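Student: I have a structure open and would like to go through it in pieces. Can we start with one residue and work outwards?
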Amino acid sequence: MTKQEMGILNTAEWNVKQTAGRLGLTDTQLAWVSEPRERVEITCAHALPDREPTHVKVFVVRHNDTLGPSKGGIRMTPTVTLDEITGLAMEMTWKTALVGVPFGGGKSGICYDPASGTDREKEKVIRSFTRGVARHIGPEIYIPAPDMGTNERDMGHIRDCVSYSSGKSITQGCFVTGKPVILGGIVGRREATGKGVVYSIQEACDKLGMDISKSRVAVQGFGNVGSVAAIEIVKHGAKVIAVADHLGGIEKSDGLDVVALAEYQNNNGSVKGFPGGTPMDKDDIMEVDCDILIPAAVASVLTEDNAHKVKAKLIAEGANAPTTPGADEILFEKKISIIPDILCNAGGVFVSYLEYTQETQREQMTLQQVEGRLDERMRETFDMVFKAMKPGDSMRQVAMNIAVGRVMDGMYARGMLP
Ligand code: NAD
């Protein structure tokens, strides 16, 4: 397989293998740190109103739980695969280790198109998923959260399903994060990833001599992460000049009204057709003439085909694994800085950790407390990575060295490695 054809799992395996080389790990150590602990595929049956009973494939992967229970979102797309979920779970292991929360890496997937039916139908699918994976989730095992295609409403149904199946109003400990605030969710979780992306961009701009307030920004994906990041970066004075999603793109050289765009997207399911800008080909978003590019949609969108056409000076990986290894090399040679996903989008899992502790302690945090801690942790983590960089290092290499090193330290401390 060429670097060009690599999917999420191959990219994740490539990155950890490169890291093992830099850290001088043996083959046995590499296998221990990179092989998933558990990969589960379950078939869930459910009956949708007015439809034949059908079945849905679901996946749960617990990649590594050395540093704590596995943490990672639920991806719901019609094409999700066990390998994709494994790659994403592996990324979560490094992300949680890097941002310093006591979790390991996990992820789950539901092979279903959330746009194909009503909210009620989606609820049935989520409840089937919860029944199917019941023995694989729990506060000490794996704690899911929203990812692409799932949201806080779905997390509320998971919590309800778990608590009522044991005849209780609440769960003992935190089974799921990203819940509605009224059900024990935490204020600011929905915005945490997008805001964290911008806090790390701000740090990068300060250190790289860029002025965030004068920057022109292009964003791919206008869901949870992309829309919040766009709205937040505009508050810092930047102009969002182009946005694309799965259906289309929109551009405006003197800056889009991103709040109006978010409202339009909410009502129409896409940014396509937004009257406040000019339509653009969604596939051109990576090549827009801008200072900062935020891929916040799917994986493997920066490839050997388009990397040499990127004009941005800084790429902030809001999405997981948006850059293939081949593109990574090209962008490095072009001296384009990349804030790697395990650092850039770690704000979501950090605030999930706050939700986990809040629920365990029956405590309530204010928005100011949550945002203050998020800001502080994102900046500290960025600083730690940046300070550890030596000439010729990429941020991804250094972030991976620290993250894999921490998991190895945990394995030694437990006695899992001789
Ligand atoms: P979402 O479902 O809310 O939004 C996804 C967006 O991507 C939508 O605008 C969709 O139209 C767009 N999109 C989908 N396929 C596309 C394509 N082929 N080309 C262009 N655009 C496309 O998802 P989200 O929660 O915003 O997650 C986005 C990315 O961020 C994912 O890679 C996810 O794993 C990652 N991430 C999310 C969180 C979180 O807290 N939600 C945390 C860390 C990482």
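Student: Is Ala321 buried or exposed?
Tutor: This is a predicted model, and in it Ala321 has 4% relative accessibility. Buried means under 20%, so Ala321 counts as buried.

Student: Where does Ala321 lie?
Tutor: Ala321 lies in the loop between β12 (314-316) and α9 (325-333).

Student: What is the phi of Ala321?
Tutor: Ala321 has a positive phi of about 55 degrees, although it is not a glycine. Most residues other than glycine have a negative phi.

Student: What about Arg362, what is its phi?
Tutor: The phi of Arg362 is positive too, at about 50 degrees, and Arg362 is not a glycine either. Arg362 sits in the loop between α11 and α12 (367-388).

Student: And is Arg362 buried or exposed?
Tutor: Arg362 has a relative accessible area of 58%. Exposed means over 50%, so Arg362 is exposed.

Student: Change of topic: the ligand. Which residues come nearest to the ligand?
Tutor: There are 21 residues around the ligand, and Arg75, Asp147, Thr193, His246 and Ala297 come nearest.

Student: How do the residues of that shell divide into nonpolar, polar and charged?
Tutor: The shell around the ligand has seven nonpolar, ten polar and four charged residues.

Student: Which backbone atoms lie a few Å from an oxygen atom of the ligand?
Tutor: A backbone N or O atom of Asn224 lies 2.9 Å from a ligand oxygen atom. For Gly318, a backbone N or O atom is 3.4 Å from an oxygen atom of the ligand. There is also a side-chain case: a polar side-chain atom of Arg189 is 3.3 Å from a ligand oxygen atom.

Student: How much of the ligand does the protein bury?
Tutor: The protein buries 83% of the 830 Å² that the ligand exposes when taken alone.

Student: Which elements give two or more residues to the shell?
Tutor: Those elements are α6 (189-208) and α7 (224-235).

Student: Why does the ligand lie between domain 1 and domain 2?
Tutor: Both domain 1 (35-185) and domain 2 (191-344) give residues to the shell, so the ligand lies between them.

Student: Now the nonpolar core. How many residues are in the largest one?
Tutor: The largest nonpolar core has 58 residues. Trp94, Ile201, Ile294 and Ile339 are those with the most contacts inside it.

Student: Which helix gives this core its largest share?
Tutor: Helix α13 (residues 395-414) does, with ten residues. The core also draws at least three residues from each of domain 1 (35-185) and domain 2 (191-344).

Student: What is in the segment after α13?
Tutor: Leu417 is one of the residues there. Leu417 is buried, at a relative accessible area of 6%. Leu417 and Ser70 are 347 residues apart in sequence and 20 Å apart in space, C-alpha to C-alpha.

Student: Last one: where is Gln358 found?
Tutor: Gln358 is found in helix α11 (residues 347-360). At 8% relative accessibility, Gln358 counts as buried. From Gln358 to Ile330 the C-alpha distance is 43 Å, and the two are 28 residues apart in sequence.

Technical notes:
Residues are numbered from 1 along each chain as its sequence is written. This is a predicted model: local features need pLDDT of at least 70, side-chain atom pairs count only at pLDDT 80 or more; totals for chains, interfaces and linings use all residues. Side-chain values use heavy atoms; hydrogens and water are left out. A residue is near a molecule or strand if one of its heavy atoms lies within 4 Å of it. A polar contact is a pair of N or O atoms within 3.5 Å; within protein, one must be able to donate a hydrogen and the other to accept it, and residues adjacent in sequence count only if both atoms are side-chain atoms. Accessible areas come from the Shrake-Rupley method with a 1.4 Å probe; for residues, only the protein chains shown count as cover. Helices (H or I, at least four residues) and strands (E, at least two) are DSSP runs, numbered from the N terminus. Ala, Val, Leu, Ile, Met, Phe, Trp, Tyr, Cys and Pro count as nonpolar, Asp, Glu, Lys and Arg as charged, and the others, Gly among them, as polar. Domain bounds come from an automatic or database domain assignment. A nonpolar core is a set of buried Ala, Val, Leu, Ile, Met, Phe, Trp, Tyr and Cys residues joined through side-chain atoms within 4.5 Å. Buried means under 20% relative accessible area, exposed over 50%, partly exposed in between (1.4 Å probe, protein chains only).
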